[in-house]
Amino acid sequence: MNDFNLCYQKYLDEFEEYLGAYVQNLKTKPSILGESMAYSLQGGGKRIRPVLMLACADVLNVAHKEVLPFALALEMIHTYSLIHDDLPAMDNDDFRRGKPSCHKAFGEANAILAGDALLNEAYAVCFEECLKGEKYALASKLLNEYAGAYGMIAGQSADLYFTGKKQDVSEEELLYIYEHKTGKLLLAPVSIPCILAEYKNFMSFEHFGVLLGQLFQITDDILDVTGEFSQLGKSIGKDESENKLTSVRLYGVEGAKIRADIYAKECHAVLESVESDTSFLHQLIDYILVRTK
């Protein structure tokens, strides 16, 4: 596990350096716009999406410089979604990563604009990549699809729709939320390196990405019940208090843990079919399964 931690930190440091260079050139007028964007964008966190993208690039022999712009765009999209998700009209959370949420630090209106700006900046990065050729345009198109009305936003809409609903809900509806709200932005860092590698191992990696997204969200549901604010950096117990549709609501904590174990085993099995060094990805699965933050 020590080797895993070192490797994870190496990927993390590389991305943070790339992100830092972007933020350094983020000069807006008025300055509060850039400040609120940077506040959330550099708010810390696991950075699991850019780390996953860099790790998959290594498995597929894709140069890091090829994927780093997409990792940045993806993290911008993820960050904008968190800013908006924390707003009173949505999940109404005062904290994110142990700090006041963007709307608590800068006000609701500035937080909305910061999220809007990050989303537009993400696509500006992708447009620059499109100029390099077809596979970069295809990678940009995929990220657009996974983040939009048929991807993450669809999942967020479904999550809101079922929040507080008293009627019976099904596993199919839960998996739809998983696949879209969380899963699409964890599938993107797996799929984009495959596209840049001329679709090498695309089917296997796509299957792996879908399963990993489901595993991640189940562990998130469990942590909302069993986690601690000091480690998670956000409010605990909100899912139950708001009657959200989660794996814990459907199966109970122990049932959710069993399903998490199953998804982890399926992730490992898919990677076994990939003829390359996937040891870091195997360890990443175990890290997600037992994570405490």
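## Charges over rings

The charged end of Arg 49 sits over the ring of Phe 216, 5.8 Å from its centre. Here a charge counts as over a ring if NZ of Lys or CZ of Arg is within 6 Å of the ring centre and within 35 degrees of the ring normal. Lys 99 places its charged end over the ring of Tyr 39, 4.0 Å from the centre.

This is a predicted model, where local features need pLDDT of at least 70, side-chain atom pairs count only at pLDDT 80 or more, and totals for chains, interfaces and linings use all residues. Residues are numbered from 1 along each chain as its sequence is written, and side-chain values use heavy atoms, with hydrogens and water left out.

## Overall fold

The protein chain has 14 helices and two strands. These are DSSP runs, numbered from the N terminus: helices are H or I with at least four residues, strands are E with at least two. The C-alpha trace spans about 50 × 50 × 35 Å along its principal axes.

Buried residues make up 52% of the 293 residues. Buried means under 20% relative accessible area, exposed means over 50%, and partly exposed lies in between (1.4 Å probe, protein chains only). Take contacts (heavy atoms within 4.5 Å) between residues at least 6 apart in sequence: 74% of them join residues at least 24 apart.

## Helix α3

Helix α3 covers residues 48-59. Its twelve residues reach 16 Å from first C-alpha to last, close to the 16 Å expected at 1.5 Å a residue. The expected span is 1.5 Å times one less than the number of residues. Eleven of the twelve residues are buried, so α3 is largely enclosed by the rest of the structure.

Arg 49 is one of the buried residues of α3, which also include Ile 48, Pro 50, Cys 56 and Val 59. The buried residues pack against α1 (2-24), α4, α9, α10 (202-226) and α14 (279-290). After α3 comes Asn 61, whose phi is positive, near 60 degrees.

## Salt bridges

The whole structure holds twelve salt bridges. A salt bridge is a side-chain nitrogen of Lys or Arg within 4 Å of a carboxyl oxygen of Asp or Glu. Asp 91 and Lys 244 form one of them, at 3.1 Å from N to O. Asp 91 lies in the loop between α4 (64-85) and β1 (95-96), and Lys 244 in the loop between α12 (238-241) and α13 (247-271), so the pair ties together parts that are 153 residues apart in sequence. Both Asp 91 and Lys 244 are buried.

Asp 159 bridges to Lys 181, with the closest N and O atoms 2.7 Å apart. Asp 159 is in helix α8 (residues 152-162) and Lys 181 in helix α9 (residues 171-196), 22 residues apart. Asp 159 and Lys 181 are both buried. Salt bridges that share partners join Asp 91, Asp 159, Lys 181 and Lys 244 into one network. Another bridge pairs Lys 132 with Glu 129 at 2.9 Å. Lys 132 is partly exposed, at 45% relative accessibility. Glu 129 is buried, at 6%.

## Aromatic pairs

There are nine aromatic pairs. Rings of Phe, Tyr and Trp (its six-membered ring) pair if their centres lie within 6.5 Å; planes under 30 degrees apart count as stacked, over 60 as edge-to-face and the rest as tilted. Phe 4 and Tyr 287 form a tilted pair, 5.6 Å centre to centre with 45 degrees between the planes. Phe 4 is in helix α1 and Tyr 287 in helix α14, 283 residues apart. Phe 4 is buried, with a relative accessible area of 1%. Phe 4, Tyr 8, Tyr 11, Phe 280 and Tyr 287 form one aromatic cluster.

Tyr 39 and Phe 106 have ring centres 5.3 Å apart and planes at 75 degrees, so this pair is edge-to-face. Tyr 39 lies in helix α2 (residues 31-41) and Phe 106 in helix α5 (residues 102-106), so the pair ties together parts that are 67 residues apart in sequence. Tyr 39 is partly exposed, at 21% relative accessibility.

## Ala 264

Ala 264 is found in helix α13. Ala 264 is buried, with a relative accessible area of 3%. Leaving aside residues up to four places away in sequence, Ala 264 touches Leu 215, Ile 285 and Leu 289.
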